[in-house]
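Subject: Structure for you to look at

Hello,

Here is the structure I said I would pass on. My notes on what was found in it follow below.

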Amino acid sequence: MKFIAESHNTGDIAPYLEAEGVRIGELVQAGILESIFLKADQSGAFLVLTTDDEAAARTALDSLPLAQNRVTKVELTEVVVP
């Protein structure tokens, strides 16, 4: 299944950026995270994920340091690829 996640930063993300990059790399290597697009105004990002189900996508997103430290909120939407 494919999902698009939109994050909305709600706090200071700077202290967590290095750890966020490491975790993103791990999710890319695992084949879960396909793409990430940073918002030009630095208020968040769009992520494209491929997982077996919504619970797996949510688990992956919840493993990101920005989410764990509650400095971003994430909306998750399943999408259909024609």
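A pocket, as the word is used here, is an open set of grid points with protein on both sides within 12 Å along at least five of seven lines. A residue counts as lining it if one of its atoms is within 4 Å of a point. Please keep in mind that this is a predicted model.

The largest pocket holds about 330 Å³ of space. Its lining consists of 20 residues, and those closest to the centre are Ile13, Leu38, Gly44, Ala45 and Leu66. By class, 12 of the lining residues are nonpolar, six are polar and two are charged. Several elements contribute to this lining: strand S1 (2–9), helix H1 (17–29), S2, S3, helix H3 (65–68) and strand S4 (72–79) supply at least two residues each. The most comes from H1, which gives four.

Now the chain as a whole. It has three helices and four strands, and from the N terminus on their order is β-α-β-β-α-α-β. The radius of gyration is 12 Å, close to the 12 Å that the globule rule gives for 82 residues, so the chain is as compact as a globular protein of that length. Taken along the principal axes, the C-alpha atoms fill a box of roughly 35 × 25 × 20 Å. Of the contacts with a separation of 6 or more, 68% are between residues 24 or more positions apart. Buried residues account for 30% of the 82 in the chain. The accessible surface is about 5200 Å², and carbon and sulfur atoms hold 55% of that.

Glycine 44 has already come up as one of the residues closest to the centre of the largest pocket. Where is glycine 44 placed? It sits in the loop between strand S2 (33–38) and strand S3 (45–50). Is glycine 44 buried or exposed? Its relative accessible area is 8%, and because the cut-off for buried is under 20%, glycine 44 counts as buried. Leaving out residues up to four places away in sequence, glycine 44 touches Ser7, Asn9, Leu38 and Lys39. Leu38, one of these, is also among the residues closest to the pocket centre. Alanine 14 is 30 residues from glycine 44 along the chain, and their C-alpha atoms are separated by 12 Å.

Glutamine 42 belongs to the loop between S2 and S3 as well. Its phi is positive, at about 60 degrees, although the residue is not a glycine. With a relative accessibility of 66%, glutamine 42 counts as exposed.

Arginine 70 is another residue other than glycine with a positive phi, in this case near 55 degrees. Arginine 70 lies in the loop between H3 and S4. Its relative accessible area is 71%, and it is exposed.

Valine 74 is in strand S4. This residue is partly exposed, at a relative accessible area of 22%. Which residues does valine 74 contact, leaving aside its neighbours within four places in sequence? They are Ala5, Glu6, Ser7, Arg58 and Leu61. Ser7 is also touched by glycine 44. Valine 74 and asparagine 9 are 65 residues apart in sequence, while their C-alpha atoms are 8.7 Å apart in space.

Regards

Key. Residues numbered from 1 in each chain as written. Predicted model: local features only at pLDDT ≥ 70, side-chain atom pairs only at ≥ 80, totals over all residues. Heavy atoms only, no water. Buried < 20%, exposed > 50% of the residue type's maximum accessible area, 1.4 Å probe, protein only. Contact = heavy atoms within 4.5 Å. 1 Å grid on protein atoms, 1.4 Å probe; cavity = no way out; pocket = protein on both sides within 12 Å on 5 of 7 lines; lining within 4 Å. Points joined across faces, edges and corners; volume = space filled by probe spheres on them. Nonpolar A, V, L, I, M, F, W, Y, C, P; charged D, E, K, R; others polar. Rg over C-alpha atoms; globule rule 2.2 N^0.38 Å. Areas by Shrake-Rupley, 256 points an atom, 1.4 Å probe, with all protein chains shown as cover.
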